[in-house]
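Biologist: Before we go through the charged pairs, the pocket and the surface, could you put the model on screen for us?

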Amino acid sequence: MKKILNFTPTGTQTTRENSLAPLTPNEIIEEVHQAYEFGITMTHIHARDPEDFKNTYRGEVYRPIIEGIRKHCPDLTICVSLTGRLHPEFEKRSEVLELYPDMGSLTMSSLNFPQAASVNEPSMILRLIQKMKDYGVTPELECFDTGMINYTTYLINKGILEGPHYMNVILGNLYNAQSDISSVSSILNNLPKNTKVCIGGIGGDQLKSNVLGLLYSDGIRIGLEDNLYYTDRVKATNGELLWRIKRIMDEFEMTIMSPLEFRELGYGNKNS
């Protein structure tokens, strides 16, 4: 049984002090390349200014990361972050789409995190969808609860979101769905049809959520973007997280869908 493995090497909250995550463009390229050699299906990337390591939306920083990944991992599907946590303006959030990535993240509603909010107004979601269409980019739908899934289904039924559809369901955020069986059951019963779904989890919920994703969905989202620790007190590397889930997959007699197999499902950039 083949499963999608969506690799998220770094995120908006990773720093030199709190994690072992890659931050510079070269570090991100190298860790994605190592993961590609290990065996992943796709990657979801954020960019940091190489001078001060602050989160950035700028295409000039994303460009060498995308080009470096494509050089070493030519068939790997690359998803870029369009997060609303740091840069709320449409022009900033969508600038990276002009580099023609394969996919762009699309959080399907506003939500809170412990230290900040991710604001995603309906008008912003619709504008991002349209610009992704213009540049041949497939939305990476991000849902944290059934309300977001409901809105996703509504946009699919209206013909605003066009296939193929791919969704991350992210569990464990304090303000949204948890990784308990009743929450997961409700989510699974409300998923839109003909959608590839991967399950991820925040912090200590990542491993449990990943196991649920292997058992009940099309795959998993995994990496230091969502979880910084291997155990409660030991910081993780991306490699350690990948090898641990690989051992579990081996026990379940599961394999990882290849980048080419995923791309053949239609998730590459439609204009390239």
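Modeller: A salt bridge here is a side-chain nitrogen of Lys or Arg within 4 Å of a carboxyl oxygen of Asp or Glu. Please keep in mind that this is a predicted model.

Biologist: How many salt bridges does the structure hold?

Modeller: Side chains of opposite charge can pair when their charged atoms come close. With the 4 Å cut-off applied between nitrogen and carboxyl oxygen, the number of salt bridges in the structure is 13.

Biologist: Which residue forms a salt bridge with lysine 2, and in which helix does that partner lie?

Modeller: Lysine 2 belongs to strand S1 (residues 2-7), and its partner is 259 residues apart from it, so that the pair links distant parts of the chain. The closest N and O atoms of the two are 2.3 Å apart. The partner is glutamate 261, in helix H9 (residues 259-267).

Biologist: Which residues are linked with Glu142 and Arg221 in a network of salt bridges?

Modeller: The pairing of arginine 221 with glutamate 142 is part of a network of salt bridges.

Biologist: Which residues are the closest to the centre of the largest pocket?

Modeller: The largest pocket holds about 600 Å³ of space, and 35 residues line it. Its lining divides into ten nonpolar, 18 polar and seven charged residues. The closest to the centre are Gln13, Arg85, Phe113, Ile202 and Glu225.

Biologist: What accessible area do the residues of the nonpolar patch with Tyr216 have together?

Modeller: Tyrosine 216 is found in helix H7 (residues 206-216) and is partly exposed, with a relative accessible area of 48%. Because patches are made of residues with over 30% relative accessible area, tyrosine 216 passes that cut-off at 48%. On the surface, Tyr216 forms the patch with Ile181, Leu215 and Phe252, and their accessible area together is about 410 Å².

Methods:
Residues are numbered from 1 along each chain as its sequence is written. This is a predicted model: local features need pLDDT of at least 70, side-chain atom pairs count only at pLDDT 80 or more; totals for chains, interfaces and linings use all residues. Side-chain values use heavy atoms; hydrogens and water are left out. Patches are made of residues with over 30% relative accessible area and no salt bridge: like charges are joined within 9 Å, nonpolar side chains (Val, Leu, Ile, Met, Phe, Trp, Tyr) within 5 Å. Accessible areas come from the Shrake-Rupley method with a 1.4 Å probe; for residues, only the protein chains shown count as cover. Helices (H or I, at least four residues) and strands (E, at least two) are DSSP runs, numbered from the N terminus. Buried means under 20% relative accessible area, exposed over 50%, partly exposed in between (1.4 Å probe, protein chains only). On a 1 Å grid over the protein atoms alone, a cavity is a set of points where a 1.4 Å probe fits but cannot get out, and a pocket is an open set with protein on both sides within 12 Å along at least five of seven lines; lining residues have an atom within 4 Å of a point. Grid points are joined across faces, edges and corners, and a volume is the space filled by probe spheres set on the points. Ala, Val, Leu, Ile, Met, Phe, Trp, Tyr, Cys and Pro count as nonpolar, Asp, Glu, Lys and Arg as charged, and the others, Gly among them, as polar.
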